[in-house]
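Hello,

Here is the structure for your files. My notes on it follow below.

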Amino acid sequence: RYLVWIALRAVSVAILSAAVLCVGYSVVLACRSLILMVDSFCCEVVDVLALRHIAQAWNVRQAVLQKASADVEGCLVILCVILALSMPLLVIDLTLWADRSKDMLALMPGLFIMCSVLHAILMASVVSDKCARVPVL
């Protein structure tokens, strides 16, 4: 009976970890596509000198960026809450498992999830940075 409880606990942790990683990865992919959209516009500005066409293209891209950022914002809030709640738990785990170095591998999933959430947050900040560098029209 005890082994069934441990197996059920391990499976539930694995499923929740996979869900968090999938949300983080989807945010990273969405941010990468937004970065490519901004970069392609900047290349278009250099290639095409028709200001009317460039202003209209930027207005369309800006609308898409605003819609996408509104959708990604909810995912980022959820990931930040998960990160804020998992950090104290990871610190508690580190203090409990500090004596047993061979059991430190059990902490790796938590560290991996924290790193993936931080990566998603950094990718979202890169989108903001790229948009700030777009020439003013």
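Which side chain meets that of Asp-71 in a salt bridge? The side chain of Lys-67 does, at 3.5 Å, N to O; a salt bridge here is a side-chain nitrogen of Lys or Arg within 4 Å of a carboxyl oxygen of Asp or Glu. Asp-71 and Lys-67 are 4 residues apart in helix H2, so about one helical turn separates them. Asp-71 is partly exposed at 47% relative accessibility, and Lys-67 is exposed at 54%. Buried means under 20% relative accessible area, exposed over 50%, and partly exposed in between, with a 1.4 Å probe and protein chains only.

The model is predicted: local features need pLDDT of at least 70 and side-chain atom pairs pLDDT 80 or more, while totals for chains, interfaces and linings use all residues. Residues are numbered from 1 along each chain as its sequence is written, and side-chain values use heavy atoms, with hydrogens and water left out.

Salt bridges

The structure holds 4 salt bridges. One of them joins the side chains of Arg-61 and Glu-44 at 3.2 Å, N to O. Arg-61 lies in helix H2 and Glu-44 in helix H1, so this pair ties together parts that are 17 residues apart in sequence. Both Arg-61 and Glu-44 are buried.

Another salt bridge is formed by Arg-133 and Asp-129, at 3.4 Å, N to O. Arg-133 is exposed at 65% relative accessibility, whereas Asp-129 is partly exposed at 38%.

Helix H3

Helices are DSSP runs (H or I, at least four residues), numbered from the N terminus. H3 covers residues 108-132, which is 25 residues. From first C-alpha to last, H3 reaches 36 Å, close to the 36 Å expected at 1.5 Å a residue; the expected span is 1.5 Å times one less than the number of residues. The buried residues of H3 are Ile-113, Met-114, Ser-116, Val-117, Ala-120, Met-123, Ala-124 and Val-127. What covers them includes H1 and helix H2 (51-96).

Surface patch

Tyr-2, Leu-3, Trp-5, Ile-6 and Leu-8 make a nonpolar surface patch of about 640 Å². Patches are made of residues with over 30% relative accessible area and no salt bridge, with nonpolar side chains (Val, Leu, Ile, Met, Phe, Trp, Tyr) joined within 5 Å and like charges within 9 Å. Areas come from the Shrake-Rupley method with a 1.4 Å probe; for residues, only the protein chains shown count as cover. Ile-6 is in helix H1 (residues 2-47) and is partly exposed, with a relative accessible area of 39%.

Regards

Conventions:
Helix = DSSP H or I, 4+ residues; strand = E, 2+ residues; numbered from the N terminus. Contact = heavy atoms within 4.5 Å.
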